[in-house]
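Let's take a walk through this protein together. Have a look at the picture first, then read on.

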Amino acid sequence: MFLMQSGSDLQFRIIYKMKLANNPLWKYHKCKKCGLYAFRKNVVIGEGDFPSDILFIGEAPGKSEDLLSRPFIGPSGRIFREGIKRASERTGIVPSYYITNTVGCRPTDEYHGKNREPMKEEIVSCFPRLRETERLVNPKRIVLLGQVAQYYCGSHFPNSLKLLHPSYLLRQGGIECSEFRNFVRELSDLFLEVGGKVVSKPKRMIRRTRKKKRKKS
Ligand code: SF4
């Protein structure tokens, strides 16, 4: 796969690797604390700023994430990022966030195998990494994406917000499904709660301003 990449892709990967090496969680990149190390290509330590307004915790890295050592870049990751983009457009707010998963390594049982859910003992083994991530990110709010993160991490992060996992949204039809619209609404409420960089007027406010202008004319 990497033989096919363009010069700019390669440049991006080199810069990204250098950035990763500056992440204080990089120390986990050779972790062998649980059996998931056996078939992984990379530990996915997460992505974002320290500190950040929001910490998103998903289930586990998939195939694309494992290959490139980046979280949420596969098909369900694209749904997630689209949700973030739309919530920012609705509210005019771009909060800072860090994204990670309950485990740092892709759960699979063979080379070129299928993804599976992480097991309890794997999540427990990886929890010190997650706890350290939370400490470094120091978020105003934690969001648990999907049942696995909610079931195993809910009691550790009692004030967290629980949202559907993007892979579930993908199975329901992606950005066309009503669940995705709810997902964007819930993210919008969260953005208004935590605040962040104000980039534009909220869409609803823009619509109201337009109505007023139409009435006047
Ligand atoms: S899943 Fe976590 S604990 Fe297990 S090997 Fe990967 S980084 Fe280490």
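## Some ground rules

We'll call a residue buried if 20 or more other C-beta atoms lie within 10 Å of its own, exposed if there are 12 or fewer, and partly exposed in between, with C-beta atoms placed from the backbone. Ser69 is a handy test case: it counts as buried because 21 C-beta neighbours sit inside 10 Å.

What you're looking at is a predicted model, where local features need pLDDT of at least 70, side-chain atom pairs count only at pLDDT 80 or more, and totals for chains, interfaces and linings use all residues. Residues are numbered from 1 along each chain as its sequence is written.

## The big picture

The protein has eight helices and seven strands. Helices (H or I, at least four residues) and strands (E, at least two) are DSSP runs, numbered from the N terminus. Of the 217 residues, 36% count as buried.

Two residues are in contact if their C-beta atoms, placed from the backbone, lie within 7 Å. Take the contacts with a separation of 6 or more: residues 24 or more positions apart account for 72% of them.

## The core

A nonpolar core is a set of buried Ala, Val, Leu, Ile, Met, Phe, Trp, Tyr and Cys residues joined through C-beta atoms within 7 Å. The largest one here has 40 residues, and those touching the most other members are Leu55, Phe56, Ile57, Val143, Leu144 and Leu145. At least two residues each come from strands S2 (54-58), S4 (97-101) and S5 (141-145), and from helices H3 (75-91), H4 (120-137), H5 (147-153) and H7 (178-194). H7 gives the most to this core, with five residues.

Now zoom in on Ile57.

Start with H3. This helix has 17 residues and reaches 25 Å from its first C-alpha to its last, close to the 24 Å expected at 1.5 Å a residue; the expected span is 1.5 Å times one less than the number of residues. Its buried residues are Ser76, Gly77, Ile79, Phe80, Gly83, Ile84, Ala87, Ser88 and Thr91, and what covers them includes strand S3 (93-94), helix H6 (166-171) and H7. After H3 comes Gly92, whose phi is positive, near 75 degrees.

H7 also has 17 residues, and its end-to-end C-alpha reach is 25 Å, close to the expected 24 Å. Where do the buried residues of H7 fall, seen down its axis? Phe180, Phe183, Leu187, Ser188, Leu190 and Phe191 are the buried ones, and they fall within an arc of 165 degrees, so they line one face of the helix. That arc is taken from the directions from the helix axis to the C-beta atoms. The buried residues of H7 pack against S2, H3, S3, S5, strand S6 (161-163) and H6. H7 is followed by Gly195, with a positive phi near 75 degrees.

Between H2 (63-68) and H3 you'll find Ser69, a residue other than glycine with a positive phi, near 60 degrees. Phe72 lies in the loop between H2 and H3, and its phi is positive too, near 55 degrees. Phe72 counts as buried because it has 25 C-beta neighbours inside 10 Å.

Pro51 is in the loop between S1 and S2, and the peptide bond from Phe50 to Pro51 is cis, with omega near -10 degrees.

Is Val44 buried or exposed? Val44 is buried, because 29 other C-beta atoms lie within 10 Å. Its place is the loop between helix H1 (7-21) and strand S1 (47-48). Beyond its neighbours within four places in sequence, its contacts include Pro61, Glu65, Asp66, Ser69 and Gly104.

Tyr37 is in the loop between H1 and S1, but it counts as partly exposed, because it has 14 C-beta neighbours inside 10 Å. Tyr37 and Gly104 are 67 residues apart in sequence and 9.2 Å apart in space, C-alpha to C-alpha.

## Around the ligand

The ligand is surrounded by 15 residues, and the closest are Cys31, Cys34, Gly104, Cys105 and Cys126. A residue counts as near if its C-beta atom, placed from the backbone, lies within 6 Å. This shell divides into nine nonpolar, two polar and four charged residues. Here Ala, Val, Leu, Ile, Met, Phe, Trp, Tyr, Cys and Pro count as nonpolar, Asp, Glu, Lys and Arg as charged, and the others, Gly among them, as polar.
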